Amino acid sequence: MKRSEINEIIAQADEMMRRYGFALPPFAYWTPEQFKANIANARHVIDARCGWDITDYGEGRFDEMGLFLFTLRNGLQSDLERGGGMCYAEKLLISKQDQLSPMHTHVLKAEDIINRGGATLVVELFGSDEAGNFSQDRGGQVMCDGILRNYAPGEKLKFAPGESVTLRPGDWHAFWGEGGDVLIGEVSTVNDDETDNIFREPIGRFAQIDEDVAPKHLLVSDYARWLA
């Protein structure tokens with residue numbers, strides 16, 4: 001993805017989030033230079049990879065297969081391992097109309113996916129086999145707004161604004177917006193995008209960036225290089 005495209009996606013996403021009443025924390029608007037100047041005090045933000053996250057899954061087709069995310073807060077894996085402390089995470093996502101977030105599951109993370117506003121959120125579901133691998137033939141159970149619901153293999157559940165689904169490890173899922181763009185909330189256990197995203201197809205989690213212009217704001221995938 002071109003950095004100029006990423007800068008524009010950030011601006012559009014910020015406008016949509018504000019339209020639905022969500023304001024981001026101050027660090028969201030730091031320039032790269034401000035981030036560098038605040039490294040010492042922002043160590044948790046950096047280590048927990050909070051902030052802007054835009055991906056085309058390495059495929060170069062963002063409008064067809066991609067996702068916008070902003071991680072508002074996130075604990076550390078060490079907290080989760082010892083069973084205490086900051087064991088939770090929260091994100092805002094934007095799924096554009098017909099923009100696929102491809103089939104995947106998580107080994108550790110359970111998550112509530114919430115339609116926070118916009119069009120209809122579609123979530124396609126499959127179950128796992130005994131080894132936790134994707135199963136074309138298995139369904140499962142999820143909670144929708146706290147109510148238990150069975151799903152058949154490949155069933156597409158639809159969520160209007162305010163509705164949600166709870167996904168647990170082993171629930172294979174893909175999602176997209178239907179009829180327009182969707183603002184999504186995610187509340188979960190500690191989020192580790194480096195190791196805890198298991199995709200059905202061998203694709204990348206982060207975009208490769210063509211630095212055609214300077215970044216307006218850093219992505220979480222920029223931290224290691226820009227803030228070293």
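## Lys109 and Glu186

Lys109 is buried, with a relative accessible area of 4%; buried means under 20% relative accessible area, exposed over 50%, and partly exposed in between, with a 1.4 Å probe and protein chains only. Glu186, at 5% relative accessibility, also counts as buried. The two side chains meet in a salt bridge at 2.9 Å, N to O, a salt bridge being a side-chain nitrogen of Lys or Arg within 4 Å of a carboxyl oxygen of Asp or Glu. Glu186 lies in strand E10 and Lys109 in the loop between E4 and E5, so the pair ties together parts that are 77 residues apart in sequence. Helices (H or I, at least four residues) and strands (E, at least two) are DSSP runs, numbered from the N terminus.

## Model and conventions

This is a predicted model, in which local features need pLDDT of at least 70 and side-chain atom pairs count only at pLDDT 80 or more, while totals for chains, interfaces and linings use all residues. Residues are numbered from 1 along each chain as its sequence is written, and side-chain values use heavy atoms, with hydrogens and water left out.

## Other salt bridges

The structure holds 20 salt bridges. One of them joins the side chains of Glu211 and Arg3 at 2.8 Å, N to O. Glu211 lies in the loop between E11 and H5 and Arg3 in helix H1, so this pair links parts that are 208 residues apart in sequence. Arg3 is buried, with a relative accessible area of 0%, whereas Glu211 is partly exposed at 34%. Arg3 and Glu211 also belong to a network of salt bridges with Asp222 and Arg225.

Glu155 and Arg149 form another salt bridge, with the closest N and O atoms 3.5 Å apart. Glu155 is partly exposed at 26% relative accessibility, and Arg149 is partly exposed at 36%.

## Helix H1

Helix H1 covers residues 3-19, which is 17 residues. From its first C-alpha to its last it reaches 24 Å, close to the 24 Å expected at 1.5 Å a residue; the expected span is 1.5 Å times one less than the number of residues. Just after H1, Gly21 takes a positive phi of about 85°.

The buried residues of H1 are Arg3, Ile6, Asn7, Ile9, Ile10, Ala13, Asp14, Met16 and Met17. An α-helix has 3.6 residues a turn, so residues three or four places apart point the same way. The buried residues of H1 pack against strands E1 (51-55), E2 (67-74), E3 (88-95), E5 (111-126) and E10 (172-189), and against helix H5 (223-226); contact means heavy atoms within 4.5 Å.

## Nonpolar cores

The largest nonpolar core has 32 residues, and those with the most contacts inside it are Phe35, Trp52, Ile54 and Phe68. Such a core is a set of buried Ala, Val, Leu, Ile, Met, Phe, Trp, Tyr and Cys residues joined through side-chain atoms within 4.5 Å. H1, helix H3 (43-47), E1, E2 and E3 each supply at least two residues of this core. H1 gives the most, with 6 residues. A second, separate core of 21 residues includes Leu93, Ile113, Leu125 and Val142.

## Strand E4

Strand E4 (residues 101-105) is mostly covered, with 5 of its 5 residues buried. E4 pairs with E10 in the antiparallel sense over 2 bridges, and with strand E11 (residues 198-199) in the antiparallel sense over 2 bridges; two strands pair if DSSP finds at least two bridges between them. His104 stands opposite His173 in E10 and opposite Phe199 in E11.

## Asp193

Asp193 is found in the loop between E10 and E11 and is buried, with a relative accessible area of 10%. Its side chain makes a polar contact of 3.1 Å with the side chain of Lys91 and one of 3.2 Å with the side chain of Arg205. A polar contact is a pair of N or O atoms within 3.5 Å; within protein, one must be able to donate a hydrogen and the other to accept it, and residues adjacent in sequence count only if both atoms are side-chain atoms. Not counting residues up to four places away in sequence, Asp193 touches Asp53, Lys91, Arg205 and Phe206.

Arg49 has a positive phi of about 55° although it is not a glycine. Arg49 sits in the loop between H3 and E1 and is partly exposed at 26% relative accessibility. Asp145, also not a glycine, has a positive phi of about 55°. Asp145 is placed in the loop between strand E6 (140-144) and strand E7 (147-151), and is partly exposed with a relative accessible area of 43%.
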